Amino acid sequence: MRVILEEQGLRDGFQTLPQVISTEKKLAYIDRLVDAGVTRLQIASFVHPKLVPQMADAEALCKRVEKKDGVIYSGLVLNLKGVERAVEADLNHLACSISASSTHSQKNAGLTLNEAKSSFKDMVKLSKDNDITVRGGIQCAFGCRYEGKIDAHHVLDMVDHHLDAGIDELALADSTGMGNPKALGELMSKVVEKAGPIPVILHLHNTENKGYANFYAALQAGVQIFDTAFGGLGGCPFIKSATGNIATEDTAHFAQQVGYETGLDISKIATISKDMEATLGYKLPGQLYQLIDNQDIKMI
């Protein structure tokens, strides 16, 4: 059995860092991640640079990256302007994403939920008109720090909305890390059934230390593609107390232990996380990278 990990470190991982990572360093990280076996990377978001300074070089980065065959390089867009920018940046895969929470939607994209749903269809159409593969995303699908619990029926209605818009992939995000294995597993089973042949992706944060339990629950529910970030980097500027994604190397190790192949070189990913730790000057949330280069530690 195989599970695919989409690397989010360059986008979700970098967007809240206190220091700006140069375009040159980002390009080097992308090359190293691909060399480690990563076949899907979200490398930028096309958002206002004043709000998210780390993404100010989105166009330059996307145009300069040396794209390898068999690797998906994608960008996140939240509105039509973002799609227009991504088209100019020569990307052929976009994550068009809106929130299941009206409050978060207003903070994250400046749109009410109804406005976001209408805008979403326009984003998908414009992307399709430019031969771009669309990953349709639903943020805060398992809880919102502003509104609390998000009703599962509401999420399933949004799934229908996204599928009706003609997306190529469907992604649900536990943006706040509030999901729990029982509820998340039950919902993802229904989502996988609804999606049918459309690939389903799950984006997990480890805010409440349930990210890896949620990963396992989703595996059992039939999800085969997950977002991760090397070293457990990540967080949203518009969510209270947001913390990092589940770590790429930790998740790959977990997956292999329970019988799934990822195609990733865990040692190479861990080394990248080590280098990022040195760059930032503090430990990252991930655990495995802190162990893997210690010759006295046995890995099984």
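Modeller: Let's start with the word pocket: on a 1 Å grid over the protein atoms alone, it is an open set of points with protein on both sides within 12 Å along at least five of seven lines, while a cavity is a set where a 1.4 Å probe fits but cannot get out; lining residues have an atom within 4 Å of a point. This is a predicted model, where local features need pLDDT of at least 70 and side-chain atom pairs count only at pLDDT 80 or more, though totals for chains, interfaces and linings use all residues. Residues are numbered from 1 along each chain as its sequence is written, and side-chain values use heavy atoms, with hydrogens and water left out.

Biologist: Which residues lie nearest the centre of the second largest pocket?

Modeller: Phe142, Lys149, Ile150, Ala152 and Ala183, out of 14 lining residues. The pocket holds about 280 Å³ of space, and helix α8 (181-195) gives the most to its lining, with five residues.

Biologist: What makes α7 and α8 roughly parallel?

Modeller: Their axes, lines fitted to C-alpha atoms over the stretch in contact, cross at roughly 20° and come within 11 Å. Angles under 35 degrees count as roughly parallel and over 145 as roughly antiparallel, so α7 and α8 are roughly parallel. The crossing is right-handed, meaning the near helix is turned clockwise from the far one by less than a right angle.

Biologist: Which residues of α7 and α8 make the contact?

Modeller: With heavy atoms within 4.5 Å as the test, α7 brings Ala152, Val155, Leu156, Val159, Asp160 and Leu163, and α8 brings Leu187, Lys190, Val191, Lys194 and Ala195. They divide into eight nonpolar, no polar and three charged; Asp, Glu, Lys and Arg count as charged, Ala, Val, Leu, Ile, Met, Phe, Trp, Tyr, Cys and Pro as nonpolar, and the others as polar.

Biologist: Why are α10 and α11 called roughly antiparallel?

Modeller: Helix α10 (248-257) and helix α11 (266-280) pack at about 160°, with axes 9 Å apart. That angle is over the antiparallel cut-off, so α10 and α11 are roughly antiparallel. On the α10 side, Thr248, Glu249, Ala252, His253 and Gln256 make the contact, and on the α11 side Ile266, Ile269, Ala270 and Ser273.

Biologist: Which residues line the largest cavity?

Modeller: Leu78, Ser97, Ile98, Ser99, Ser105, Asn108, Ala109, Ala116 and Gln139. Two or more of the lining residues come from each of β4 (93-99) and α5 (102-109). By class the lining has four nonpolar, five polar and no charged residues.

Notes:
Axes fitted to C-alpha atoms, helices over the stretch in contact; angles between N-to-C directions. Helix = DSSP H or I, 4+ residues; strand = E, 2+ residues; numbered from the N terminus. Parallel < 35°, antiparallel > 145°, perpendicular 65-115°, else oblique. Points joined across faces, edges and corners; volume = space filled by probe spheres on them.
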